[in-house]
Amino acid sequence: ITITEAKNFLHSEQQLKKKREATQRFCNFVASLGVQAEIMAASLGLLVVAIFGIIHGCAAATDGSKPISTVLDANWKSTPLLLEISEFMASQSNSSFWDFVDSVSAIQGVQTDKEEYDAGLVAVKDQLNQLELDLLKFALSVR
């Protein structure tokens, strides 16, 4: 976003705030006229706010701004399974995370994703109940 766009956005927000305040003052004036006028004021106030909102929305849609798109390219194809499991364990508790780290530090000779998956599940099976273990398996399956 450029400084000019930010200034224009701030200016349009200030204008909208002034319009809302003017509408509120008008509604307050009409409301002071009586109970039936309160209903009319509320309806009129909503109508005025809706009209200003539509005008403001149309102006924002035609200002030529483009949506922001981002792309992230990484040097790896996917996050390692043990890292995914460690994030899951960290969401459970800090002690669960560190217990998992201790368990995983002893793992050696893992060659395939299947071996890494099995070793990770063995490392957490004593720390999680069956429901949490099933949730972890599901989270790993959708990655």
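The structure holds 1 aromatic pair, where a pair means that the rings of Phe, Tyr or Trp (its six-membered ring) have centres within 6.5 Å. Phe97 and Trp98 form this pair, with 4.9 Å centre to centre and 75 degrees between the planes, an edge-to-face arrangement (planes under 30 degrees apart are stacked, over 60 edge-to-face, the rest tilted). Phe97 has 21% relative accessibility and is partly exposed, while Trp98, at 52%, is exposed. Buried means under 20% relative accessible area, exposed over 50%, and partly exposed in between, with a 1.4 Å probe and protein chains only.

The model is predicted: local features need pLDDT of at least 70, side-chain atom pairs count only at pLDDT 80 or more, and totals for chains, interfaces and linings use all residues. Residues are numbered from 1 along each chain as its sequence is written, and side-chain values use heavy atoms, with hydrogens and water left out.

Now consider helix H4, residues 94-104. Helices are DSSP runs (H or I, at least four residues), numbered from the N terminus. The buried residues of H4 are Ser96, Phe100 and Val104. They lie on the same side of H4 because they cover an arc of only 70 degrees around the axis, taken from the directions from the axis to the C-beta atoms. An α-helix has 3.6 residues a turn, so residues three or four places apart point the same way. Asn94, Trp98 and Asp102 are exposed on the other side of H4. The buried residues of H4 pack against helix H3 (81-92) and helix H5 (113-124), with contact meaning heavy atoms within 4.5 Å.

Val110 lies in the loop between H4 and H5. Its relative accessible area is 32%, so Val110 is partly exposed. Leaving aside residues up to four places away in sequence, Val110 touches Glu115, Glu116 and Ala119.

Technical notes. Helices (H or I, at least four residues) and strands (E, at least two) are DSSP runs, numbered from the N terminus.
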